[in-house]
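This briefing looks at one strand and its surroundings. Keep the sequence and the 3D view open while reading.

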Amino acid sequence: MTIHFFTFKGIFISTTLMYLIAMNTYTPSAKDIIGSSPLIAIENEAPPKLIVDPPLPEPLAQGRVFIQYRTENLRVLPVFGKGALEVSPRIGHIHITVDDAPWHFVDSSGETVILVGLEPGVHKVLIELADPMHKVITSETVKFTLPDPKKSS
């Protein structure tokens with residue numbers, strides 16, 4: 001017998017479980033939907049992932065940059081230092097670099113990245129997922145063009 005799996009909110013769910021849910025004969029548990037409890041260590045954690053969307057078009061047209069992102073297998077929290085490396089599930093934060101600046105800023109809110117005050121033109125934003133000691137785990141770069149409001153009037 002072959003069991004097929006697919007993902008829902010980053011969780012692998014079997015087709016059998018989805019059939020039971022669809023037939024209203026099974027109510028998924030909290031663990032089915034959101035995964036393991038953050039209060040119990042996870043053995044052999046899957047590697048962290050960073051998923052970054054392009055800037056939202058409506059704010060971009062107004063000269064503001066809103067970049068949504070999410071992580072898998074890592075919670076974004078304001079916890080830093082060597083001791084935090086042993087926490088399970090993993091925790092970390094993001095580093096944000098705009099237009100190859102020689103510096104970056106750190107965000108641990110897990111919320112949408114908002115940038116204002118950029119000049120019209122082509123820009124790029126590097127978002128790096130980092131561990132509590134600021135070691136970069138993975139990264140994504142978003143490129144976009146900020147319109148000139150004088151030309152769109």
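This is a predicted model: local features need pLDDT of at least 70, side-chain atom pairs count only at pLDDT 80 or more; totals for chains, interfaces and linings use all residues.

Which residue in β7 is the bridge partner of Arg 75? The partner is Ile 91.

**Partners of β7**
- β6 and β7 run parallel and are joined by two bridges.
- β7 also pairs with β10, in the antiparallel sense, over six bridges; here His 93 stands opposite Ala 130.
- Strand β8, residues 105-107, runs antiparallel to β7, with three bridges between them; in this pairing His 95 stands opposite Val 106.
- The hairpin of β7 and β8 has six residues between the strands, and Asp 99 takes a positive phi near 50° there.

**Burial of β7**
- Eight of the eight residues of β7 are buried, so the strand is largely enclosed by the rest of the structure.
- One side of β7 carries Ile 91, His 93, His 95 and Thr 97, the other carries Gly 92, Ile 94, Ile 96 and Val 98, and both faces are covered.

**Asp 131**
- Asp 131 lies in the loop between β10 (121-130) and β11 (136-146).
- Asp 131 is buried but has no salt bridge, and the nearest side chain of opposite charge, Lys 135, is 5.6 Å away.
- Leaving out residues up to four places away in sequence, Asp 131 touches Leu 85, Ile 91, Gly 92, His 93 and Ile 137.

**Val 87**
- Val 87 sits in the loop between β6 (75-76) and β7 (91-98).
- With a relative accessible area of 31%, Val 87 is partly exposed.
- Val 87 and Pro 132 are 45 residues apart in sequence, and their C-alpha atoms are 9.9 Å apart in space.

Notes. Residues are numbered from 1 along each chain as its sequence is written. Side-chain values use heavy atoms; hydrogens and water are left out. Helices (H or I, at least four residues) and strands (E, at least two) are DSSP runs, numbered from the N terminus. Buried means under 20% relative accessible area, exposed over 50%, partly exposed in between (1.4 Å probe, protein chains only). Lys and Arg count as positive and Asp and Glu as negative; His and the chain ends are not counted. A salt bridge is a side-chain nitrogen of Lys or Arg within 4 Å of a carboxyl oxygen of Asp or Glu. Contact means heavy atoms within 4.5 Å. Two strands pair if DSSP finds at least two bridges between them.
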